[in-house]
Amino acid sequence: MAFLAFEGIDGCGKSTLIAKLQAYLQSKGTSVYLTREPGGTPLAEEIRELIIRRDGEAPNPRAEILLYEAARSQHVEKVIKPQLSEGVWVLSDRFTASSLAFQAGGRGLDEDSITYLNNYAVNGCQPDFNVLLDLTVEGAEKRRQTRTHESGQQPDRFEVEEQDFHNRVRDHYLMQAKESPSHWIVLEARFTPEEIFNNLLTQLRLRSWLD
């Protein structure tokens, strides 16, 4: 089993990479569970809507992080821990590193407080690796615009933040990866999806997680 969290700014290509890894692992007979944050359980998905919606009252930054942590605690206890206990690979679109990047880096909240809240919510459950897809804010914005045009899906409350916000988020992700390189796999997201996926497989093999 393994627990991998996929991180990066909005539009970096996480969903595509996760789907490719899922298909690869399943082709090898490995049980895989895909999930996301905020979300992953019925209650956590309801909290997600409160966080990302653009209509209605927006949470202030401290309320925002508390909503995230409530959803995360539910997610860990109801989904992630049970799946890991069954020997399943869990692939999560975002986890605790996102809270540090978005709420400490992006919003400017106290990092030590967020770390404390993260640790309280996960109760010892941590990813084996964080996989960061690093892309410039300009590149991510182009991808988001294409996605909106092709799918009609409207941007959420975070996606419409100013460019400076997304640059702070990206910088904080890179800082986290630099401070703890053994727990991060950093992938250049400017390449094609197939190239990114092959780079991920290479990194997982170097770390002895794949044959």
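Hi everyone, let's start with a definition: rings of Phe, Tyr and Trp (its six-membered ring) pair if their centres lie within 6.5 Å, and planes under 30 degrees apart count as stacked, over 60 as edge-to-face and the rest as tilted. This is a predicted model, where local features need pLDDT of at least 70, side-chain atom pairs count only at pLDDT 80 or more, and totals for chains, interfaces and linings use all residues. Residues are numbered from 1 along each chain as its sequence is written, and side-chain values use heavy atoms, leaving out hydrogens and water.

So, how many aromatic pairs does a search of the whole structure find? The search gives 11. Take Phe3 and Phe95: their ring centres are 5.1 Å apart and their planes at 75 degrees, so this pair is edge-to-face. Phe3 sits in strand β1 and Phe95 in the loop between β3 and α4, so the pair ties together parts 92 residues apart in sequence. (Strands are DSSP runs of E, at least two residues; helices are runs of H or I, at least four, and both are numbered from the N terminus.)

Are these two buried or exposed? Phe3 is buried at 1% relative accessible area, and Phe95 is buried at 0%. Buried means under 20%, exposed over 50%, and partly exposed in between, with a 1.4 Å probe and protein chains only.

Ring pairs also link Tyr68, Phe102, Phe158, Phe165, Tyr173 and Trp184 into a cluster.

Last stop, His75, which is found in helix α3. His75 is buried, at 0% relative accessible area. Leaving aside neighbours within four places in sequence, its contacts (heavy atoms within 4.5 Å) include Thr35, Arg36, Glu37 and Ser92.
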